[in-house]
Structures are given as C-alpha cells and as structure tokens.
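I opened my notebook to look up a few things in this structure.

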Number of protein chains: 2
Amino acid sequence: MAVYTEVSDEDLNAFIAQYPLGGVLSCKGIAEGVENSNYLLVTETGPYILTLYEKRVNRADLPFFLGLMEHLSAKGVGCPVPLHGHDGEALRELCGRPAVLVTFLNGMWPRRIAPYHCQALGEAMAGLHLAGADFTMARPNNLSVSGWRPLFEACADRAHEVKPGLAEALESELDLLEAHWPSATGPGALPSGVIHADLFPDNVFFRGRALSGLIDFYFACTDLLAYDVAICLNAWCFEPDGAFNATKARLLLSSYRKVRPLSDSELEALPLLARGGSLRFLLTRLYDLLNHPPGAFVQPKNPLEYWNKLRFHQQVRGPGDYGLE
Amino acid sequence: MAVYTEVSDEDLNAFIAQYPLGGVLSCKGIAEGVENSNYLLVTETGPYILTLYEKRVNRADLPFFLGLMEHLSAKGVGCPVPLHGHDGEALRELCGRPAVLVTFLNGMWPRRIAPYHCQALGEAMAGLHLAGADFTMARPNNLSVSGWRPLFEACADRAHEVKPGLAEALESELDLLEAHWPSATGPGALPSGVIHADLFPDNVFFRGRALSGLIDFYFACTDLLAYDVAICLNAWCFEPDGAFNATKARLLLSSYRKVRPLSDSELEALPLLARGGSLRFLLTRLYDLLNHPPGAFVQPKNPLEYWNKLRFHQQVRGPGDYGLE
C-alpha cells in the first residue's frame with residue numbers, strides 16, 4: 001500500500017488538460033501497489049488510473065511496459081491501456097516523475113482463492129503468452145537465475161537472523177539451480193516469450209466468477225513461459241496454512257494447457273522452475289526485510305512463506321505431484 | 001493514509017446486496033484518513049465511499065455523526081450522506097466493524113492554500129454553523145479544554161524528548177487556558193452549537209475555485225462556534241515556513257461574518273481560542289508521536305508546528321492582528 005508522491009490540484013489539472021477527458025472531478029491515492037504511486041482519478045468522462053513511477057522502476061523500461069499493455073489489449077487480453085494525450089504521447093512527467101494515465105479495469109482481486117479462480121487464471125495466463133508471441137520488444141528478466149546470486153550475496157551475512165542455517169541452505173539450492181536451469185535458446189531450449197512474472201492474486205481481477213483482467217505489468221519481461229506458470233503455482237495453489245492444494249494446481253495447469261499446450265520438456269521442468277520461483281521471491285522478500293527502513297509505509301512480506309514452498313518443490317517427484325495425470 | 005481492514009469480495013458483495021445500487025464493479029482502499037478504513041467503491045450506479053470504523057471511533061457516537069451528515073445535507077451543506085439499505089438502516093456491520101456507505105463527493109482538497117480557499121472556507125463554515133442550529137442531537141467535545149490535562153499528563157514525562165522545556169511551557173499555558181476558557185452557558189457565554197472541529201484542508205473539497213463540500217465529521221461535536229473558527233485560523237492561515245498570513249485570516253473571518261456575524265465577545269475571545277486550538281493539536285500530535293508504534297503505516301505529524309502557532313497567538317494583542325479592521 002503506497003502513495004509516495006503528493007500531487008497538487010494545480011499540477012493535476014494542468015496534466016489532465018493534455019488529454020481529451022474533461023475536467024477532474026476527484027483524485028484519490030490508492031492503498032495498493034508497492035512500487036509506484038497510484039491514484040483513482042475521476043474526470044467528466046469516467047474513472048482512470050494515474051500512475052507515477054517511483055525510484056524502483058527504471059525509466060528505460062517504461063516503453064516496454066506501456067507498449068506491452070497496448071499490444072496485449074489490442075489482442076483482446078483484459079488489461080489497463082495507456083491513454084495518449086493531444087500530442088500523441090502516453091508517457092509524460094508529473095511532479096518530477098514519469099507518469100501515465102491508463103484505463104480503469106473493473107473487478108476486484110480475490111482475497112480467498114477458490115479453485116475456480118485458478119482455473120480462470122490458467123486460461124488467462126496462456127492467453128497472455130499467446131498474445132505476447134508477436135510483441136516485438138524484449139526485456140531481459142533481471143530477477144531470473146542470473147540475478148539471484150547477487151541478491152543472495154547481499155543477504156547472506158544476515159540470513160541467519162531470519163532462520164538459523166538459511167544462508168547455507170539457500171547457497172546449495174542456488175548452486176543446483178544455476179547448474180540445471182533450463183535454457184531459452186539452443187538445443188533442448190524451453191519456449192520463451194513475454195511473461196507477466198508477478199501474477200499474484202492482487203494483480204488478477206474478477207467480476208463474480210469471471211476473470212476481468214490482469215494489472216501491474218511492471219515485472220513483465222522476456223523469459224521461459226513455463227516459469228510464469230511455476231510462479232503462479234506458488235502464488236495461487238498453497239493454502240494459508242502452507243499446504244499445497246493439488247486440485248487448484250490441476251485446474252490451473254489443465255486450463256492453461258487447453259489454450260496453450262505445455263510440452264513434455266516444460267512439464268518435466270516445472271518442479272525445478274517452481275524451486276527457482278520460490279527462491280526468487282524468498283530472496284527479494286529477504287532483501288526487503290533486512291533492508292526495511294523503520295517506520296516505512298510498507299510492511300515487509302514474510303520470506304519464510306517461500307522457504308516452505310521451496311521445501312515442498314524439493315520433495316516433488318515429478319509434474320504428477322501437481323495434480324496432472 | 002490508512003486501510004486497516006481487508007474486505008473480501010464475498011463479504012463486500014453480500015454487504016452491497018443490502019442496497020439498491022446494483023453490482024460491485026470495483027473497490028479500492030483509499031490512502032487518506034487516519035482513523036478509519038475508507039474504500040472508493042464503484043457499483044453499477046456510480047461511485048460511493050465505504051467506511052469501516054476502526055477502534056478509535058466510539059460506536060456510541062456514530063448515530064450523532066451519521067445523523068449530522070443527513071441533517072446538514074438536507075439543509076444544503078455539501079457533505080457525504082449516509083445511504084440506507086433495503087431495511088432502512090444506514091449503519092451495519094462488515095468484517096466485524098461498524099460500516100457505512102456514503103455518497104461520493106466530487107472535488108479535491110487543496111495542497112497549496114490560496115487566499116480564495118480561505119474565503120470560501122469562511123463562508124462554508126458559517127453555513128455549517130447556521131445549518132447545525134436546529135440539529136437536535138448533542139455530543140460533548142472530549143478534545144476541548146477539559147480533555148487537555150489528561151493528554152498533557154500522559155505526555156509530560158517525555159515531552160522534553162521533543163523539545164527541552166516543553167512540558168513546563170505547556171503546563172503554564174494549560175493553567176492559563178483552564179482559568180480563562182470561555183463558557184458555553186450562563187452570563188457572558190459564547191454561542192455554541194455543532195462544530196466540525198477538524199476542518200483541515202484535507203477535509204475541504206474544491207472544484208476549481210468553488211468549494212464543493214466538507215468531509216470527515218468524526219470529530220464533530222457541540223462546542224463554541226468561534227472555536228471552530230480558531231481551529232481554521234491555525235489550519236489555513238499559516239504558511240509552510242511558519243509565517244502567519246493576515247490576508248488569508250482576514251478573508252476567512254470576513255467571509256464568515258457575512259453569513260454569520262461574530263459578536264464582540266467572540267472576536268475578543270479569538271486569540272485565546274486560537275491558543276487553545278494550538279494546544280489541542282499540539283497535545284494530540286505529541287501523544288501520537290510518543291506512542292507511535294515503530295513500523296506503523298501512519299507517519300506521525302510534527303507537534304512543534306503547533307508550538308510555533310501557539311507562540312504566535314500568545315503574542316497577539318487582539319483580533320485586529322488577525323487582519324480585521
């Protein structure tokens with residue numbers, strides 16, 4: 001939950017005058033999203049989302065993110081679409097920060113995950129992967145396998161504060177993952193393309209039982225498609241008590257496969273990809289926890305939730321343990 | 001900025017089904033307000049504000065607050081109005097908390113105060129005081145003079161952490177205010193009635209240069225009308241550098257007097273009331289700062305801002321120093 005930048009009414013009115021949207025009726029900071037400042041802006045033509053990009057987002061990446069949303073939306077994927085001003089530009093400045101106005105997506109993200117949510121998610125994620133196939137821009141995933149060791153090294157000295165022996169366990173996992181991580185090119189490569197890379201429940205909106213769209217493309221990148229699936233297994237198929245729900249996983253995977261078939265190599269790689277996905281979120285949460293400024297708005301998330309997920313995937317014998325026949 | 005309670009989509013849909021407002025399209029926590037959880041809820045019939053009352057609000061006070069908003073609105077004061085469900089009730093429960101749905105008020109609160117804001121505020125505040133005259137409910141102000149000593153005593157031991165000598169200075173001010181505070185009854189009493197008691201800029205909305213309404217009536221109470229004026233002198237007429245802006249004060253007071261004349265006794269009491277208003281916000285901010293849990297969402301406000309205001313009013317010779325002829 002975060003609003004980092006305070007936008008004055010004068011600055012906002014001048015900003016909105018650059019769009020054909022009528023006058024501002026209301027603008028309220030939204031207590032969601034941790035990377036950027038988001039406002040629900042209502043003008044005479046309806047509601048919109050105004051995003052100001054804070055320091056953690058690299059300006060050079062913004063054309064990829066904005067272009068991707070436009071591309072996906074044009075292909076029928078439900079997602080916010082950047083609006084263009086009278087000058088044709090979508091990306092401009094507000095309060096010294098890059099700022100974008102996007103369309104408002106109806107729906108709410110599910111607080112309690114039911115099996116039908118996982119079913120709808122699988123289908124939507126596969127649709128996203130297909131729709132991204134002819135997107136011409138690329139962005140490397142700096143939070144994939146090559147990014148984990150620097151993160152680990154920044155945390156290793158203090159990891160024992162969170163759990164005794166954690167550093168040693170993470171290092172041996174990291175050694176294994178670096179040695180066996182599937183390639184995206186060459187012989188035996190797994191299919192790669194545009195992935196969302198952060199499809200957690202708070203980025204997936206539903207109206208009733210129907211998925212209405214996906215938001216927050218600010219981790220999207222070019223990577224193994226099956227890695228996106230593995231991230232979702234972690235984010236959607238564990239119960240609050242830590243138990244893996246094979247019914248949810250089976251629905252997620254089978255609905256995905258109806259839209260985009262998973263190859264045998266992708267299925268076989270799933271347990272390893274899920275271990276990598278666990279390590280990735282464990283490391284970023286560990287880093288945030290150890291470097292959390294006291295009194296900051298954002299409560300750090302618990303890295304050990306992902307320790308438990310990692311331990312589960314380490315014991316998986318094959319993709320059948322994810323509920324597949 | 002605060003959303004303390006997480007509302008699930010299931011709970012929200014069941015809640016909204018009790019109102020004739022159509023289905024839920026969206027519900028987002030708002031990063032404004034520090035006492036309650038507020039959501040901008042969009043249904044098929046438009047936008048509304050959903051408020052969940054957290055611990056700091058006394059449930060027994062809610063009928064006063066809700067009744068007041070209805071009363072004021074019926075008298076033409078721009079403010080949110082509680083909505084009644086199919087069962088006629090406005091106050092119900094959601095997630096174990098008292099919850100109310102109110103109408104959405106267009107406008108934005110001014111981040112940079114211009115003289116015209118103060119002029120519009122004076123007129124609106126006087127209108128509020130007149131409109132409240134025949135409101136039949138009453139609520140004592142537990143943050144007026146009788147409430148300050150307990151607050152002071154809860155902070156006195158640690159006040160020097162914020163400023164050396166602060167406790168002694170506050171105690172002598174408190175002695176003086178207790179001895180000379182104007183009465184609301186008996187001979188020489190000042191006019192009393194419904195006051196807002198927290199008319200800070202973030203509770204006053206504007207569309208362009210026009211005031212569109214007042215929000216957040218959760219400190220409203222029955223008290224001296226001129227005390228509300230004094231609170232606004234403090235909240236609106238000092239510049240960010242601490243300087244008092246007599247032009248803003250003159251506009252605030254003169255526009256107020258055009259709608260509701262201030263008696264000579266009220267004018268003479270203004271400096272003392274403004275000292276009391278300074279002490280009240282100084283003490284609550286001091287208390288919040290000293291009792292601020294580390295890592296909490298809400299950044300405590302600086303109590304010393306009100307120390308400077310108090311010092312200014314201590315040196316005022318009479319109401320003429322507030323820009324009046």
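**Ground rules.** I am working with a predicted model, where local features need pLDDT of at least 70, side-chain atom pairs count only at pLDDT 80 or more, and totals for chains, interfaces and linings use all residues. Residues are numbered from 1 along each chain as its sequence is written, chains are lettered from A and ligands numbered from 1 in the order in which they are written, and side-chain values use heavy atoms, with hydrogens and water left out.

**Entry 1: the two chains.** I asked what rotation superposes chain B on chain A. I found a rotation of 180°, with 0.1 Å of shift along its axis and an RMSD of 0.0 Å. That is the relation of a two-fold axis. The same surface serves both copies, since 100% of the contact residues of chain B recur in chain A. The superposition is by least squares on C-alpha atoms of residues with pLDDT of at least 70 in both copies. Contact means heavy atoms within 4.5 Å.

**Entry 2: Asn245(A).** I looked up where Asn245(A) sits. It is in the loop between helix H6 (225-236) and helix H7 (246-259) of chain A. Helices here are DSSP runs (H or I, at least four residues), numbered from the N terminus. Is Asn245(A) buried or exposed? Asn245(A) is buried, with a relative accessible area of 19%. Buried means under 20% relative accessible area, with a 1.4 Å probe and protein chains only. A polar atom of the Asn245(A) side chain lies 3.0 Å from the backbone nitrogen of Thr247(A). For the backbone nitrogen of Lys248(A), I noted 3.1 Å to a polar atom of that side chain. Leaving aside neighbours within four places in sequence, Asn245(A) touches Cys237(A) and Glu239(A).

**Entry 3: H6 and H7 of chain B.** I checked how these helices pack. H6(B) and H7(B) have axes 10 Å apart, at an angle of about 155°. That makes H6(B) roughly antiparallel to H7(B). Roughly antiparallel means an angle over 145 degrees. Angles run from 0 to 180 degrees between N-to-C directions. Among the residues that meet are Leu225(B) and Trp236(B) in H6(B), and Leu252(B) and Tyr256(B) in H7(B).

**Entry 4: H4 and H5 of chain B.** I then turned to H4(B) (residues 145-155) and H5(B) (residues 166-180). Their axes come within 10 Å and cross at roughly 160°. H4(B) and H5(B) are therefore roughly antiparallel to each other. The meeting residues include Trp148(B) and Phe152(B) in H4(B), and Leu170(B) and Leu174(B) in H5(B).

Key
Helices (H or I, at least four residues) and strands (E, at least two) are DSSP runs, numbered from the N terminus. Buried means under 20% relative accessible area, exposed over 50%, partly exposed in between (1.4 Å probe, protein chains only). A polar contact is a pair of N or O atoms within 3.5 Å; within protein, one must be able to donate a hydrogen and the other to accept it, and residues adjacent in sequence count only if both atoms are side-chain atoms. Angles under 35 degrees count as roughly parallel, over 145 as roughly antiparallel, 65 to 115 as roughly perpendicular and the rest as oblique.
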